[in-house]
Every structure is written in C-alpha cells, then in structure tokens.
Amino acid sequence: MTTRRGIISAGFAGFLLLANLSLAPAQDVAARSTAQPVVLTISGPGGGASHDLTMADLEKLPKAEIRTTTPWHNGVQHFEGVSLQALMESLKLSGANAQVTALNRYRTTIPMKDFSEFKPILAYRRNGAPMEVREKGPLFIIYPYDSNTALKHDTYFSRSAWQVRSITVE
Ligand SMILES: Nc1nc2c(c(=O)[nH]1)N[C@H]1C(S)=C(S)[C@@H](COP(=O)(O)O)O[C@H]1N2
Ligand SMILES: [Mo]
C-alpha cells in the first residue's frame, strides 16, 4: 500500500512538474514580448551592483538638453537625454572614472569629474527623434561643445562615445 501510494504520488508530482515546465516557457515568452529591451547596463566599482536600464527607465529621469554643433552632424543639433552626473547620483555611484563600452566594442574612459565640470549628457533623442543604431544611437554621449572652446578637442570627442551599451564606474 505504502509503495503503491508512493508511486501514485510520485506520478502526480511528476505530472505537476511537467505541467509547470510546459507553462514556464510560455509565460517567459509572453513576458519577453511585452518587456522593454535593456539598452544600458551600469555597474559599480569592484564588480558591485549592476543596473540594467530600459529606454523607459532613462526617460523617467529628469531630462537634460544640449543644443550644439558636433563633428558628426551638419548644423546645430538639439539633443535630449539624461545628465550623466544625475544618472550616477541617482544610482549612488561614485569613483574616479567611467569606463564606457559601445555596441561596436569601442571603449573610452571618462574622468567622472567631467560630469560635474562640463555637464555632458547621455543623449537618447536628436532633433526630437530617437536615434537608430545606424545614426550612432540609441545612446550617444554629448558634451556642450559650443559652450566651451576647450571641449572642441579630440580629448572630448574621443569621450563622446555613440552606441553606448555599458558604463562601469571604477
Ligand atoms: N561608438 C564609438 N564612439 C566613438 C568612436 C568609435 O569608434 N565608436 N570614436 C571616438 C573617437 S576616438 C573620436 S576622436 C570621435 C571620432 O569621431 P569620427 O570617427 O567621426 O572622427 O568619436 C568617438 N566616439
Ligand atoms: Mo579620436
């Protein structure tokens, strides 16, 4: 009897397990199709906290704007995004440098001091529209080049990563 009941309950448990397994992937697919993609991962020093952000997460932060010419566009451009200083403060991240990696594997190191000194932004819109990857989007680090002649220099152009995918504070 005990054996028989054991087999029956094992069989039932197996049924539940299978039912659960067959349900789980369907739920995942449903969740994935409605979830927004992660566009930016920000990590803290020493492999600390890592934050996966969607475009909606970025758009919830206070908007920062820069109107400037750049080496990559014709005429004055209107960029909207988030202040890198505010972004780091909202995640309580501080350190000497921000290591930026782009979708095309381009890497650049930005002294965090730049964020307070020059107020560059992580731009997510140019002239009112989201930037496609082929237009150096979706995230492009923009300094207010026109507001300070010191910024019209390769030092800052090289920190102006486009197609930004991750930032690590070190
Ligand atoms: N994603 C990405 N951003 C980047 C680069 C790059 O290759 N990929 N080059 C950087 C460097 S070193 C500079 S000087 C400028 C160069 O822009 P240019 O290639 O249009 O001259 O963009 C910067 N941002
Ligand atoms: Mo460069």
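In this predicted model, a backbone N or O atom of Phe 157 lies 3.5 Å from an oxygen atom of ligand 1. Two further polar contacts involve nitrogen on the ligand side. A nitrogen atom of ligand 1 is found 2.8 Å from a polar backbone atom of Trp 162, and a nitrogen atom of the ligand is 3.1 Å from an N or O atom in the side chain of Asn 104. Taken on its own, ligand 1 has 520 Å² of accessible area, of which the protein covers 65%.

The residues surrounding ligand 1 are Trp 72, Ala 102, Asn 104, Tyr 106, Asp 154, Phe 157, Ser 158, Ser 160, Ala 161 and Trp 162. Sorted by class, this shell holds six nonpolar residues, three polar ones and one charged one. Helix H5, which spans residues 154-159, makes the biggest contribution to the shell, with three residues.

Five strands form an open sheet with mixed pairing, and their order is S2-S1-S10-S5-S6. At the edges are strand S2 (50-54) and strand S6 (107-111), each of which pairs on one side only. On average, neighbouring strands of this sheet are turned by 20 degrees against each other, with direction ignored.

Thr 101 can be followed to both partners: it stands opposite Arg 107 in S6 and opposite Ser 166 in S10. Five of the six residues of S5 are buried, and the strand is therefore largely enclosed by the rest of the structure. In the hairpin of S5 and S6, four residues lie between the strands, and Arg 105 takes a positive phi near 70 degrees there.

Val 100 stands opposite Thr 108 in S6. With a relative accessible area of 9%, Thr 108 counts as buried, because this value is under 20%. The side chain of Thr 108 reaches the backbone oxygen of Ser 158 at 3.1 Å, and Ser 158 is one of the residues surrounding ligand 1.

Some backbone details are worth checking by eye. Most residues other than glycine have a negative phi, and most peptide bonds are trans. Gln 163 has a positive phi, near 50 degrees, and is located in the loop between H5 and strand S10 (164-169). Its relative accessibility is 12%, so Gln 163 counts as buried. Lys 92 likewise has a positive phi, here near 55 degrees, and sits in the loop between helix H3 (84-90) and S5. In contrast to the buried Gln 163, Lys 92 counts as exposed, because its relative accessibility is 74%. A cis peptide bond joins Gly 137 and Pro 138, with omega at about 5 degrees. Pro 138 belongs to the loop between strand S8 (129-130) and strand S9 (140-142).

Gln 36 lies between helix H1 (2-34) and strand S1 (38-43), in the loop that links them. This residue is partly exposed, with a relative accessible area of 44%. The C-alpha atoms of Gln 36 and Met 55 are separated by 7.6 Å, although the two residues are 19 residues apart along the chain.

Conventions: Residues are numbered from 1 along each chain as its sequence is written. Chains are lettered from A and ligands numbered from 1 in the order in which they are written. This is a predicted model: local features need pLDDT of at least 70, side-chain atom pairs count only at pLDDT 80 or more; totals for chains, interfaces and linings use all residues. Side-chain values use heavy atoms; hydrogens and water are left out. Two strands pair if DSSP finds at least two bridges between them. Helices (H or I, at least four residues) and strands (E, at least two) are DSSP runs, numbered from the N terminus. Axes are lines fitted to C-alpha atoms, for helices over the stretch in contact, and angles run from 0 to 180 degrees between N-to-C directions. A residue is near a molecule or strand if one of its heavy atoms lies within 4 Å of it. A polar contact is a pair of N or O atoms within 3.5 Å; within protein, one must be able to donate a hydrogen and the other to accept it, and residues adjacent in sequence count only if both atoms are side-chain atoms. Accessible areas come from the Shrake-Rupley method with a 1.4 Å probe; for residues, only the protein chains shown count as cover. Ala, Val, Leu, Ile, Met, Phe, Trp, Tyr, Cys and Pro count as nonpolar, Asp, Glu, Lys and Arg as charged, and the others, Gly among them, as polar. Buried means under 20% relative accessible area, exposed over 50%, partly exposed in between (1.4 Å probe, protein chains only).
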